Amino acid sequence: MKRLGIGLALSGGTAKSVAHIGVIKALEEHKIGIDYLSGTSGGSVVGAFYAAGKSVEEMERLAGGVRWIKLAGLTLPKLGFLSSENIRRFIVNEIGDIEFDDLDIPLAVVAADLSTGGKRVFTEGDVAVACQASSSIPEFYTPVELDGHSLVDGGLIEYVPLEPLGAFGSMFKIGVNLGYERGDLKRPRNLIEVMMQVTNFIAQQNAAVSEDLADFMIRPDLEEFSPLALHHAPDIIEKGYREASKVMPDLKAAIRARKKQGAKKSL
């Protein structure tokens, strides 16, 4: 019987995206291997690092030292306040100027195309540029211009990128939604938080549709953290790990049930 592949779709989340590292840590501890990855926005960066061979420990150390100043470059406020070029440089510095074919794990990265109003899914070409485009929050960062198209944060169109995993074939799909809100939204305190909250509102609208494609969803409760709280990266990673660990028994049961279902079909 053919082995059941496992696909992991990593949502956006801005600073909260480092919680994906904790989720991956929990999956590793429970011997749930990841065969395919997809990512949107910050999830694309974590996905790219892991697909390129970065260990959980390496990503934890890296996240602990990242600050916004490393990821932002001031620009004239024509199409955005900041340039996302530093995001590309940060990725290249950590994993090299590599292409998707060079990755250890197949990866799909989602960006929103302002030129067409549609979705751009990267599975080939420059990894760092794809993640840069996927992470370019509108108004906050300037769009990435590529092949005559203006590309921005993939969360606008597919916050939990489960659909792109289908390009890799049949598999058990796990989605991770870091922006899920259980209660009333907090009142924004400044312009940046207004932009973040509007973006997350749009993201959760499309996430509700995407989640129907998942075989299992993980929704860590990260409401205590600001989307800008990179200085709390160790705490966010630990919370992602604890929240994911809670659902591991249910996840393993779902995987076993899927395997049994596949075994019956093959008889």
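Guide: A charge counts as sitting over a ring if NZ of Lys or CZ of Arg is within 6 Å of the ring centre and within 35 degrees of the ring normal.

Visitor: Which residue lies over the face of Tyr241?

Guide: Lys25 does, at 5.0 Å from the ring centre. This is a predicted model, where local features need pLDDT of at least 70 and side-chain atom pairs count only at pLDDT 80 or more, while totals for chains, interfaces and linings use all residues. Residues are numbered from 1 along each chain as its sequence is written, and side-chain values use heavy atoms, with hydrogens and water left out.

Visitor: How many helices and strands does the protein have?

Guide: There are 9 helices and 11 strands. Both are DSSP runs numbered from the N terminus: helices are H or I with at least four residues, strands E with at least two.

Visitor: And how many aromatic pairs does the structure hold?

Guide: It holds 2. Rings of Phe, Tyr and Trp (its six-membered ring) pair if their centres lie within 6.5 Å; planes under 30 degrees apart count as stacked, over 60 as edge-to-face and the rest as tilted. Tyr36 and Phe168 are stacked, because their ring centres are 5.5 Å apart and their planes meet at 15°.

Visitor: Where do Tyr36 and Phe168 lie?

Guide: Tyr36 is in strand β2 and Phe168 in the loop between β9 (149-153) and β10 (172-176), so the pair ties together parts that are 132 residues apart in sequence.

Visitor: Is Tyr36 buried, exposed or partly exposed, and what is its relative accessible area?

Guide: Tyr36 is partly exposed, at 22%. Phe168 is also partly exposed, at 23%. Buried means under 20% relative accessible area, exposed over 50% and partly exposed in between (1.4 Å probe, protein chains only).

Visitor: What about Phe49 and Phe90?

Guide: Those two form a tilted pair, 5.8 Å centre to centre with 50° between the planes. Phe49 is in helix α2 (residues 42-51) and Phe90 in helix α5 (residues 85-95), 41 residues apart. Both Phe49 and Phe90 are buried.

Visitor: Which residues in the largest nonpolar core touch the most other members?

Guide: Leu8, Leu27, Leu37, Ile91 and Leu251, out of 72 residues. A nonpolar core is a set of buried Ala, Val, Leu, Ile, Met, Phe, Trp, Tyr and Cys residues joined through side-chain atoms within 4.5 Å. With residues up to four places away in sequence left out, Leu27 touches Leu8, Ile32, Ile34, Ile174, Met248 and Leu251.

Visitor: What share of the protein's residues count as buried?

Guide: Of its 267 residues, 52%. Among contacts between residues at least 6 apart in sequence, 77% join residues at least 24 apart.

Visitor: New topic: what is phi of Thr14?

Guide: Near 55°, a positive value in a residue other than glycine. Most residues other than glycine have a negative phi. Thr14 is in the loop between β1 (6-10) and α1 (19-29) and is partly exposed, at 23% relative accessible area.

Visitor: And where is Asp147?

Guide: Asp147 is in the loop between β8 (144-146) and β9. Its phi is near 55°, again positive in a residue other than glycine. Asp147 is exposed, with a relative accessible area of 60%.

Conventions: Contact = heavy atoms within 4.5 Å.
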